2 protein chains.
Amino acid sequence: MSAALSPRPALSALDEDATTTRAIPPATVARLPVYHRVLTQLIDAGVETVSSEELAGACGVSSAKLRKDLSHLGSYGTRGVGYDVQFLAYQISRELGLTQPWGVVIVGAGNLGQALVAYRGFASRGFAVVGVFDCDPTVIGRDLGDPDHPVPVRQMDELEDLVGQGDAHIGVIATPATAAQEVCDRLVAAGLTSILNFAPAVIAVPEGVELRKVDLAVELQILAFHEQRRMEHPPAGGRTGTSTPVAESLGEAINA
Amino acid sequence: MSAALSPRPALSALDEDATTTRAIPPATVARLPVYHRVLTQLIDAGVETVSSEELAGACGVSSAKLRKDLSHLGSYGTRGVGYDVQFLAYQISRELGLTQPWGVVIVGAGNLGQALVAYRGFASRGFAVVGVFDCDPTVIGRDLGDPDHPVPVRQMDELEDLVGQGDAHIGVIATPATAAQEVCDRLVAAGLTSILNFAPAVIAVPEGVELRKVDLAVELQILAFHEQRRMEHPPAGGRTGTSTPVAESLGEAINA
DNA sequence: TAGATTGTTAATCGATTAACAATC
DNA sequence: TAGATTGTTAATCGATTAACAATC
């Protein structure tokens with residue numbers, strides 16, 4: 001156990017290259033996709049300019065937070081006017097890396113893996129599923145996703161080859177929990193440094209690899225926690241019919 | 001737009017009933033399911049006692065954070081010894097509300113909805129899918145999930161009836177983005193106060209309703225951001241082969 | 001110029017971390 | 001008693017918020 005406390009490089013907190021890249025706070029990065037999505041909807045709705053107050057309302061955050069977040073990217077607004085929707089959307093997409101195509105490898109072609117391949121929200125943001133792998137002979141060879149761009153399920157053997165070709169940038173783990181760590185190790189060994197884990201397992205990665213996790217059961221458990229609290233301490237005065245504090249005019253523009 | 005600044009009840013920040021319930025910080029609540037899962041695995045592995053150092057390692061957090069988190073629930077450890085695995089697992093599950101059964105209603109029986117119904121991680125934590133709804137006549141009536149406990153897809157009409165029966169506690173939105181807000185409104189109107197949204201849409205709920213969101217595309221975009229950073233500023237000195245800082249002995253116990 | 005709205009500052013709040021006294 | 005490990009304290013860090021000077 002003492003090995004867990006081994007001499008690491010003393011995490012030099014300010015690792016930032018003093019060159020170009022000002023660091024963007026993680027909390028801000030996590031919200032940028034939301035801003036980008038809403039801006040995209042505004043473009044579709046023909047809106048040309050938004051104020052921070054309006055955009056924040058449509059995104060479900062405070063305008064102060066929105067402006068603070070955007071200030072980390074640069075000064076892309078105009079005082080007294082607001083933000084040019086197209087321009088801001090572009091700046092955010094550039095910051096997020098959405099202006100270039102990304103290849104996604106999915107390991108596990110069960111229910112979840114199949115749903116992910118079929119998910120249209122990926123392609124629409126520049127993510128292409130370049131490979132799906134499974135070890136079950138009964139699914140290997142089957143075509144998944146859009147019949148116009150079918151993605152065949154391959155056997156695990158071919159994983160390293162495909163990643164080695166360089167078109168894959170992000171690995172997605174959609175296997176049972178038991179296989180997750182081993183699959184992750186293979187993805188990393190093959191050269192991937194960005195991993196999204198859907199398996200209900202805590203897995204470990206080497207330093208320098210970015211691992212994110214989506215755990216469906218965790219979300220439900222957190223909701224159960226709140227629901228239990230609510231049952232123990234019912235909201236005094238009953239449910240107030242008070243409805244959404246979200247910018248309504250913009251909401252209408254978006255839904256139009 | 002000025003209506004968005006309307007006089008709200010001045011969010012009385014300390015709403016806590018001074019009665020029983022000490023508030024648990026949200027950041028802590030979000031980690032409890034992870035602790036619980038690992039503890040369950042330790043039970044299965046026959047481990048009877050863990051130290052905070054060991055458990056933290058297996059969960060991927062620092063021992064200081066783990067102890068701080070647990071201190072919000074009570075004093076369930078023994079100085080000089082550690083934590084009784086079974087006892088701690090029980091305390092956490094009680095805190096999370098996992099000691100009682102929860103009914104889940106899923107709206108949307110597309111790829112994702114079907115994957116959710118089939119997901120075994122729900123039932124194993126006390127969540128039962130009590131209803132699945134869709135508006136597509138071609139899927140209505142079809143049986144989903146485990147053939148031993150099939151869940152028929154019902155038409156939307158029956159949503160309010162089912163929720164009204166009181167067996168449903170949590171609503172899950174697995175529809176296209178366009179339908180998400182309307183579906184959410186119906187779930188809330190029917191009486192649900194805990195909602196999990198998988199649709200790629202920003203939706204609004206009345207005060208008092210707990211809404212959580214899982215956005216697959218957002219996770220990929222955050223990974224793309226980091227991947228882009230990594231490509232612009234490659235890790236000096238190449239990839240260090242340094243592997244996982246995770247408790248290995250416990251990891252072996254868990255995987256045994 | 002007057003009105004509107006940004007970008008930034010300073011204050012507050014919450015979460016993380018390190019260290020250690022309490023205690024098994 | 002000596003060694004181990006918890007639960008808590010105090011210091012640090014990062015994120016949020018409110019307010020406003022800058023400026024269109």
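Biologist: Which residues come nearest to DNA strand D?

Modeller: Heads-up, this is a predicted model: local features need pLDDT of at least 70, side-chain atom pairs count only at pLDDT 80 or more, and totals for chains, interfaces and linings use all residues. Residues are numbered from 1 along each chain as its sequence is written, chains are lettered from A and ligands numbered from 1 in the order in which they are written, and side-chain values use heavy atoms, with hydrogens and water left out. A residue counts as near a strand if one of its heavy atoms lies within 4 Å of it. Of the 26 residues around DNA strand D, those that come nearest are R31(A), R79(A), S52(B), G77(B) and Y83(B).

Biologist: How far is the side chain of R67(B) from a base nitrogen of DNA strand D?

Modeller: Let's talk polar contacts, meaning pairs of N or O atoms within 3.5 Å; within protein, one must be able to donate a hydrogen and the other to accept it, and residues adjacent in sequence count only if both atoms are side-chain atoms. For R67(B), an N or O atom in the side chain faces a base nitrogen at 3.0 Å.

Biologist: Which element gives the largest share of the surface near DNA strand D?

Modeller: Helices (H or I, at least four residues) and strands (E, at least two) are DSSP runs, numbered from the N terminus. Elements giving two or more residues to this surface include helix 1 (26-44) of chain A and strand 3 (82-84) of chain B. The largest share is four residues, and it comes from helix 3 of chain A.

Biologist: How many residues of that surface near DNA strand D are charged?

Modeller: Ala, Val, Leu, Ile, Met, Phe, Trp, Tyr, Cys and Pro count as nonpolar, Asp, Glu, Lys and Arg as charged, and the others, Gly among them, as polar. Seven are nonpolar and 11 are polar. The charged ones number eight.

Biologist: Is H36(B) buried or exposed?

Modeller: H36(B) sits in helix 1 (residues 26-44) of chain B. Not counting residues up to four places away in sequence, H36(B) touches Q221(A), A89(B), I92(B), S93(B) and L98(B), where contact means heavy atoms within 4.5 Å. Buried means under 20% relative accessible area, exposed over 50%, and partly exposed in between (1.4 Å probe, protein chains only). At 13%, H36(B) is therefore buried.

Biologist: How far apart are the C-alpha atoms of V209(A) and I195(A)?

Modeller: V209(A) lies in the loop between strand 9 (194-197) and strand 10 (210-213) of chain A, and is buried at 9% relative accessibility. Its contacts beyond four places in sequence include I195(A) and, from the other chain, R230(B). V209(A) and I195(A) are 14 residues apart along the chain, yet their C-alpha atoms are separated by 7.6 Å.

Biologist: How many aromatic pairs does the structure hold over all chains?

Modeller: Rings of Phe, Tyr and Trp (its six-membered ring) pair if their centres lie within 6.5 Å; planes under 30 degrees apart count as stacked, over 60 as edge-to-face and the rest as tilted. Over all chains, the number of pairs is four.

Biologist: What kind of pair do Y119(A) and F122(A) make?

Modeller: Both residues, Y119(A) and F122(A), are buried. Their ring centres are 4.8 Å apart and the planes are at 85°, so the pair is edge-to-face.
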